[in-house]
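Hello,

Here is the structure I promised to pass on to you. Have a look at it first, and then read my notes below.

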Amino acid sequence: MVKNNKVISLTIIGIVLGGTLGAVIDSGQVNMLSVAIFGGVVGFLAGWIWNSRSDASTE
């Protein structure tokens with residue numbers, strides 16, 4: 001569980017920032033939900049990459 005903290009925290013940060021950005025933009029093609037989902041996916045991938053690289057450097 002400790003190793004997944006980066007992935008979980010960056011996913012939550014991505015969802016929150018994406019939702020906030022989506023609420024500010026809110027144009028016809030981009031809404032809050034789609035930007036929040038995109039932010040969550042980007043946050044998950046960033047956390048996964050960061051977690052895999054930091055584990056490789058400590059071993």
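What follows is a short account of what I found, beginning with the whole chain and moving on to single residues.

First, the ground rules. This is a predicted model, in which local features need pLDDT of at least 70 and side-chain atom pairs count only at pLDDT 80 or more, while totals for chains, interfaces and linings use all residues. Residues are numbered from 1 along each chain as its sequence is written, and side-chain values use heavy atoms, with hydrogens and water left out.

**The chain as a whole**

The chain has two helices and zero strands. Both terms refer to DSSP runs numbered from the N terminus: H or I of at least four residues for helices, E of at least two for strands. Helix H1 covers residues 5-25, and helix H2 covers residues 32-58. Of the 59 residues in the chain, 24% are buried; here buried means under 20% relative accessible area, exposed means over 50%, and partly exposed is in between, with a 1.4 Å probe and protein chains only.

Among contacts with a separation of 6 or more, 63% join residues 24 or more positions apart, where a contact means heavy atoms within 4.5 Å. The chain exposes about 4,400 Å², and carbon and sulfur atoms supply 72% of that area. Accessible areas come from the Shrake-Rupley method with a 1.4 Å probe, and for residues only the protein chains shown count as cover.

Thr11 is found in helix H1 and is buried, because its relative accessible area is 18%. Not counting residues up to four places away in sequence, Thr11 touches Gly40, Gly43 and Phe44.

Ala36, in helix H2, is also worth a look. Its relative accessible area is 11%, so Ala36 counts as buried. Leaving out residues up to four places away in sequence, Ala36 touches Gly14, Ile15, Gly18 and Gly19. The C-alpha atoms of Ala36 and Thr20 are separated by 7.8 Å, although these residues are 16 residues apart along the chain.

Ser9 belongs to helix H1 and is partly exposed, with a relative accessible area of 33%. Ser9 and Gly47 lie 38 residues apart in sequence, and 7.8 Å apart in space from C-alpha to C-alpha.

Trp50 sits in helix H2. Trp50 is partly exposed, since its relative accessible area is 46%. Beyond its neighbours within four places in sequence, Trp50 is in contact with Lys6 and Leu10.

**The aromatic pair and the nonpolar patch**

How many aromatic pairs does a search of the whole structure find? The search finds one. Phe44 and Trp48 form this pair, which is stacked, at 6.4 Å centre to centre and 25° between the planes. The rings considered are those of Phe, Tyr and Trp (its six-membered ring), and they pair if their centres lie within 6.5 Å; planes under 30 degrees apart count as stacked, over 60 as edge-to-face and the rest as tilted. Phe44 and Trp48 both lie in helix H2, four residues apart, which is about one turn of the helix.

Is Trp48 buried or exposed? Trp48 counts as exposed, because its relative accessibility is 51%, whereas Phe44 is partly exposed at 39%.

Both residues belong to a nonpolar surface patch, together with Leu33, Ile37, Val41 and Leu45, and the patch has about 610 Å² of accessible area. Patches are made of residues with over 30% relative accessible area and no salt bridge, joining like charges within 9 Å and nonpolar side chains (Val, Leu, Ile, Met, Phe, Trp, Tyr) within 5 Å. A salt bridge is a side-chain nitrogen of Lys or Arg within 4 Å of a carboxyl oxygen of Asp or Glu.

Best wishes
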